[in-house]
Amino acid sequence: MVVGSARRHVGCHGARDEQQRSLLAWFRTNGPEYPWRRTERDPYAVLVSEVMLQQTQASRVAEAFPAFLERFPDVRALAAASLADVLRAWGGLGYSRRAAALLEASRSIMRDHGGEVPCDIGPLIALPGIGPYTAAAVASIAFRVPIAAIDTNVRNVMARLTFGCEAAEVREADIADAAARWLPHDAPGDWNQAVMNLGREVRRPTPRCDVCPLAGACRFRPSGRAGRRSGRRQAAFEGSMRQARGEVLRELRCRDRAATIRRIAAALGYPVPRVDLAVDALERDGLVERTDSGRVRLAR
């Protein structure tokens, strides 16, 4: 059953203001000291961190982010780089198409925006590899634009907090409306990060209500719900083509010269046909290229 917004409401503004302050205080005290939190007034650094955080654990991004910024400290430096250099700096973060998209985004910023990361949602979404969530996160964190950044964690928090339901039971439009109503306009970036962190740390299949700073306003437990695990299971990584693609990229990042399919297969311990299929997929994504002699290298 889908719950409509007409039958639900958030409490009075005074109570909501108090809950907002509670969550922000919790986040500023308990929020992880990730390296990108020290660069929140640098729109380029925020953009890099948000692209890296797409589909990747924050702990892994924390290892790669400082070195990437040291190698490419600003938009101009990144835009002037080759794809091969960017892929090497991207390291083992995975989903390497993001690195290629980030490179294209930096070139678009240099070409179309005078080297300045745009602050408006429309131009941000128009950048390669930037969707509504990433655009909202960059705008709110770097430019303090009062817009809610809504990812899976935020959906889960807002569904339980406002509607007493799981996210799958609530319309996307109602989630977006609730997130906008809860957003404090004087601290949108901190708030968005706080809600995301709350979703990761506290909003579990069985919620940790005893440590939740929004427990006093939450409708989930009072409605008699106890939480449940998602029915979706992530596809196995071990033995997958995604694993093979990542291993091939890793091997090529370590090489200064192009290598044959057979040599790559020997280095990885993979059958030649499996490596050939992985290279075909990476070539379609524009991440590797075959030379005239049939050898393989990172795209340039």
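What is the mean pLDDT of the protein, and what percentage of its residues reach 70 or more? I looked this up before anything else. The mean is 88, and 92% of the residues reach 70 or more; pLDDT is the predictor's confidence in each residue, from 0 to 100.

**Basis.** I note that this is a predicted model, in which local features need pLDDT of at least 70, side-chain atom pairs count only at pLDDT 80 or more, and totals for chains, interfaces and linings use all residues. Residues are numbered from 1 along each chain as its sequence is written, and side-chain values use heavy atoms, with hydrogens and water left out.

**Confidence.** I found the lowest confidence in α1, at a mean of 86, and the highest in helix α4 (residues 75–79), at 97. Over residues 1–11 pLDDT stays under 50, and the model has 25 contacts beyond four places in sequence for them; a contact means heavy atoms within 4.5 Å. Where pLDDT is low, the predicted coordinates should not be read in detail.

**Overall.** I counted 14 helices and two strands; these are DSSP runs numbered from the N terminus (helices H or I, at least four residues; strands E, at least two). The C-alpha atoms fill a box of roughly 70 × 45 × 30 Å along the principal axes. Of the 300 residues, 48% count as buried (under 20% relative accessible area; exposed is over 50%, partly exposed in between; 1.4 Å probe, protein chains only).

**Gln 20.** I located Gln 20 in helix α1 (residues 13–30). Gln 20 is buried, with a relative accessible area of 9%. Beyond its neighbours within four places in sequence, Gln 20 contacts Arg 181, Trp 182, Leu 183, Pro 184 and Trp 191.

**Helix α11.** Trp 191 is also among the buried residues of α11, so I examined that helix, which is largely enclosed by the rest of the structure because twelve of its 14 residues are buried. Helix α11 (residues 188–201) reaches 20 Å from its first C-alpha to its last, close to the 20 Å expected at 1.5 Å a residue (1.5 Å times one less than the number of residues).

**α2 and α8.** I then checked helix α2 (residues 43–52) against helix α8 (residues 132–143): their axes come within 9 Å and cross at roughly 145 degrees. Axes are lines fitted to C-alpha atoms, for helices over the stretch in contact, with angles from 0 to 180 degrees between N-to-C directions. On the α2 side the contact is made by Pro 43, Val 46, Leu 47 and Glu 50; the α8 residues include Tyr 133, Thr 134 and Phe 143.
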